[in-house]
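Below is a short briefing on one protein model with a ligand. It covers the ligand site and then the chain as a whole.

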Amino acid sequence: MAGADAVWTSESELLVRGTSFRLAPQRRFASSDELFCVVKPPDLVARYMDMVDELSPARIVELGILQGGSTALLALLADPEKLVAFELSPTRIEPLDRMLAAHGLTDVVVPCYGVDQADAATMRTVLDREFGDAPLDLVIDDASHEVEPTEASFNVLFPRLRPGGLYIIEDWAWAHVAFGAHRPGHEPLTTFVFEALATLPQPRGLVEDIHVDRHWAVIRRAAGEVDPAGGAYDVRRICHDRGRDLVVYLRDRAGAER
Ligand SMILES: C[S@@+](CC[C@H](N)C(=O)[O-])C[C@H]1O[C@@H](n2cnc3c(N)ncnc32)[C@H](O)[C@@H]1O
């Protein structure tokens, strides 16, 4: 049980197998050996614990390492066979390296720095090397929160999930809260959620269901092959004419109202 290893030492601090985490969605800080920074609120971390208990994910991909807190926490909670994490910044998070070494996890957790989530070729090379043909159980995208890079990595990673596997998009709602005001000119990530929704009735969409709340959108992989004819998976293409028209309409309307 993931939660069984975790002790809440305050409303926003957790101790998991001897490693301390502060859940600091607003006040980021540099992680140290003594305390890791996790950019998530406590109620979302509690949801992650429940999800890990239910899914028992063995093969995990995370997008967005930042200070290494979420990567370290996930490794300790899920005890995976393999966790590969991608981060745009080239700067290694040394406390994460030391924590992984201390827990004997250096072969299990593979942080990949300097990789853009939109760089499909590099991601595929790393995924093939680390997972081979084995399907993924869980993907967490907490990286750019921009529509096009989010789509690009979804197209690479979603088809690699096993049926029943989960693809989590964090903070999809940033445009609809105060933070959205800091990103005028950036397309709301809501567009991506609409696109994924519009693929639901399409057999090639490979989406079983989608659960959305204020923190995340959880997209469950259905059974089925990507494309028996061998075409690449492309969420925007699959969402059908009406789905595409709707997304274009919403984009145009948002642009007109700015
Ligand atoms: C919200 S933070 C991640 C927080 C971390 N998952 C946690 O919960 O503590 C987002 C991270 O994504 C990274 N990022 C931004 N754009 C990216 C991109 N295109 N590809 C990969 N990583 C990106 C940022 O550098 C940043 O470290």
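Which of the 17 residues around the ligand come nearest? They are K40, G64, E87, Q117 and D142, where a residue counts as near if one of its heavy atoms lies within 4 Å. This is a predicted model, in which local features need pLDDT of at least 70 and side-chain atom pairs count only at pLDDT 80 or more, while totals for chains, interfaces and linings use all residues. Residues are numbered from 1 along each chain as its sequence is written, and side-chain values use heavy atoms, with hydrogens and water left out.

- The side chain of K40 places an N or O atom 2.8 Å from an oxygen atom of the ligand.
- A nitrogen atom of the ligand is 2.9 Å from a polar side-chain atom of D116.
- Q117 contributes a backbone N or O atom, 2.8 Å from a nitrogen atom of the ligand.

**Burial**
- The protein buries 88% of the 610 Å² that the ligand exposes when taken alone (Shrake-Rupley method, 1.4 Å probe).

**Shell**
- Seven nonpolar, four polar and six charged residues make up the shell around the ligand; Asp, Glu, Lys and Arg count as charged, and Gly is among the polar residues.

**Chain**
- The protein chain has eight helices and 11 strands, taken as DSSP runs of at least four residues (H or I) and at least two (E) respectively.
- Along its principal axes, the C-alpha trace of the protein chain spans about 50 × 45 × 35 Å.

Technical notes
A polar contact is a pair of N or O atoms within 3.5 Å; within protein, one must be able to donate a hydrogen and the other to accept it, and residues adjacent in sequence count only if both atoms are side-chain atoms.
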